[in-house]
Amino acid sequence: MDMKVSKKLGLKERYTMMTRDLAWDTTFQPMDKVFPQVGYEGIKIHDWDKWEDPFRLTMDAYWKYQAEKERKLYAILDAFNQNNGHLSVTDARYINVLKLFLGSTPPLELMAARGFSMVARQMVGAGPRVACMMQSVDEYRHFQTQIHSISNYNRFYNGLDEFAHQQSRMWYLSDGKSFFDDAITAGPFEFMVAIGFAFEYVLTNILFVPFISGAAYNGDMAAMTVGFSAQSDEARHMTLGLECIKFMLEQDPDNLPIVQRWIDKWTWRGTRKLASVGMMMDYMLPKRIMSFKEAWEIYFEQNGTALFTDLARYGVKVPKCFGQTIEEKEHITHQSWIGFYMKPDACPFHTWIPAPDELDWLSEKYPNTFDKYYRPVLEHFDRQEKAGKRFNNKTQPMNCQVCVSTIKFNEPGDPMEMCFRETVYKGEKFHFCSDHCKEIFENEPEKYVQTFISSHAALQGKCEPEGTDVNAHDYRPGARMHAYWRMDKRATGDFNGSEDQKNFAKWRAQATKN
Amino acid sequence: MTSNAFIAFQKNEETRCIVEAIVDDNPDAVVVDQPAMVKVDVPGRLVIKRATVEEKMGRDFDLQELQLHLITISGHLDESDDEFTLSWEA
């Protein structure tokens, strides 16, 4: 392999010379004028040289390894496409998980690239600046490779082509968008906790490890190679996030309460975002490898406990939401899938009732909740569909002012009751999905009153396709949401009877017979 | 209870050697096979030694080559020319 790094200097010396020694302090302008953002959040830093980058990756080595990753990735992607790989996935329902994953993730990767290039400019020390710059380039790479992966599927299946337009407009894409909008409009240190810690540590482990392993099991080499190649960068990203938290805590004891509040806030925000990822694992992979609950136990409970036990030496406590997430791991994926199933006209991907053996798998994986609360609902919907009365909720959802998830999760301790919270700020009422989101709002109300929620704004006449006269006599707010979303009708509705289902069956038959 | 440090790799010929090296150097290692990937858990501290990997591969190995195959890690990282270590303080 053509990738030997010179042995003339040791790793640590090389890193010192190629990173630290290339930085300098400004003299024409004082440093605090050149780097004002690091002071805005109240975080006190006394010595930036104490920042350690444990990977000690220098720019030259970075380019070399990233280029090798890209060569591997595109070799696999090309082979998959040349081989009609899309027809070798388990069954056509699988394509819908890609519509959700690839339809929502690339714009978030792009936001992460923007955020890290901002933070790379804002941070003072050479260590974090270089690491943030590398992460920014990584995120850009993920954004591009995911879109390349979409393009092959987009030639054959409906609903993948308007993801960029839909990102800011579609009700169910708002939770991810708001996560990144919230992070990028915070200061540099909060951004690092939000993305480097909560997103990378809590979320990408679930999204890119068991879910992508599942994609491999379902015959999707394209998503597998894109996902694993991205995740090979995430190990470095997690290390950066963890390093930032340790650095803040070691620099000054006054940083602890600020960091703790960010950990509480962003762990919860990451958890809420995960509901749909968990649903992809439990409901959308035809061949399942691991339930969301099992993945949550390994990657959040055990791994999170390891992290927080370790951070206890700085006085950090487990996030406030920890107990609630453990209770919710048995519920949220079922509630999410049922939520999407009930809105067949409002998603550019198909939903369905799991087959009987799949329902049995869910019963086995969720012995405490599935048979008691969710299986009867799904079986009821199934009977309705078979009787020609497929459930279809045509109303706009109500979304949480903070996480912008649809309000659908249960009251803690009572799975039969939906959880609603509200608060009044400056005479206006705001609604939340949970106590945690309400608390986040109350800490920063001026920020969250600005949240854009398309399903609410639509009712105010603010989400209309161009040329709509909102003052016309017969104007009905929200009546033209499909045009506003640029929704491909063929991509909506139940999987049964869809064009994708018919095409896949036809093409697979062509691929195996003469 | 000691927390697990862990590392996961894409499954391929190179990582087969790396995992063998980890198992040799970490007597408490537990290897978890999953589709397309392999995860290794070690209570407290997981170390990858360059010399052992080189012996398994039969060629020179730079520990930074691990980056090509990495999926995820858990633990505080310390990397030198000879060792890649993940650990949790008990």
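In which strand of chain B is I71(B) found? I71(B) lies in strand β5 of chain B, where strands (E, at least two residues) and helices (H or I, at least four) are DSSP runs numbered from the N terminus. This is a predicted model, in which local features need pLDDT of at least 70 and side-chain atom pairs count only at pLDDT 80 or more, while totals for chains, interfaces and linings use all residues. Residues are numbered from 1 along each chain as its sequence is written, and chains are lettered from A and ligands numbered from 1 in the order in which they are written.

**I71(B) and the contact between the chains**

I71(B) counts as buried, with 28 C-beta neighbours inside 10 Å; a residue is called buried if 20 or more other C-beta atoms lie within 10 Å of its own, exposed if 12 or fewer, and partly exposed in between, with C-beta atoms placed from the backbone. Leaving aside its neighbours within four places in sequence, I71(B) is in contact with V209(A), F228(A), Q231(A) and S232(A) of chain A, and with A8(B), F9(B), Q10(B) and M37(B) of chain B. Contact here means that the C-beta atoms of two residues, placed from the backbone, lie within 7 Å. The C-alpha atoms of I71(B) and N12(B) are separated by 13 Å, although these residues are 59 apart along the chain.

The contact between the chains takes 35 residues from chain A and 27 residues from chain B. On the side of chain B that touches chain A, β1 (4–10), β5 (70–74) and β6 (76–79) each supply at least two residues, and β5(B) gives the most, with five residues.

**Helices α9 and α11 of chain A**

Helix α9 (residues 210–217) of chain A is mostly covered, since seven of its eight residues are buried; these are P210(A), F211(A), I212(A), S213(A), G214(A), A215(A) and A216(A). What covers the buried residues of α9(A) includes α8 (188–208), α10 (221–251), α11 and α12 (292–311) of chain A, together with β2 (30–34) and β3 (37–43) of chain B. Just after α9(A), G219(A) takes a positive phi of about 80°.

Helix α11 (residues 255–284) of chain A has 30 residues, of which 25 are buried, so α11(A) is largely enclosed by the rest of the structure. At 1.5 Å a residue, α11(A) should span 44 Å, and its end C-alpha atoms are 42 Å apart, which agrees; the expected span is 1.5 Å times one less than the number of residues. There is a kink of about 35° in α11(A), centred on L274(A), the bend at a residue being the angle between axes fitted to the seven residues ending there and the seven starting there.

Two packed helices are described by the angle between their axes and the distance between the axes. The axes are lines fitted to C-alpha atoms, for helices over the stretch in contact, and the angles run from 0 to 180 degrees between N-to-C directions.

| Helix pair | Angle | Axis distance |
|---|---|---|
| α5(A) and α10(A) | roughly 165° | within 10 Å |
| α10(A) and α11(A) | roughly 155° | within 8 Å |
| α4(A) and α8(A) | about 140° | 10 Å |

Angles under 35 degrees count as roughly parallel, over 145 as roughly antiparallel, 65 to 115 as roughly perpendicular and the rest as oblique. The axes of α10(A) and α11(A) cross at roughly 155°, and these two helices are therefore roughly antiparallel to each other. Their contact is made by I245(A), M248(A), L249(A) and Q251(A) of α10(A) and by N255(A), L256(A) and V259(A) of α11(A). The axes of α5(A), residues 126–154, and α10(A) cross at roughly 165°, which makes α5(A) roughly antiparallel to α10(A). Helix α4 (residues 94–122) of chain A packs against α8(A) at about 140°, which makes α4(A) oblique to α8(A), and residues of α4(A) including A112(A) and G115(A) meet residues of α8(A) including P188(A) and F191(A).

**Loop residues**

Most residues other than glycine have a negative phi. R56(A), in the loop between α2 (31–34) and α3 (59–82) of chain A, has a positive phi near 45° and is buried, with 23 other C-beta atoms within 10 Å. A36(B), in the loop between β2 and β3 of chain B, has a positive phi near 65° and is buried, with 20 other C-beta atoms within 10 Å. K394(A), found in the loop between α16 (370–386) and β1 (410–411) of chain A, counts as exposed, with 11 C-beta neighbours inside 10 Å.
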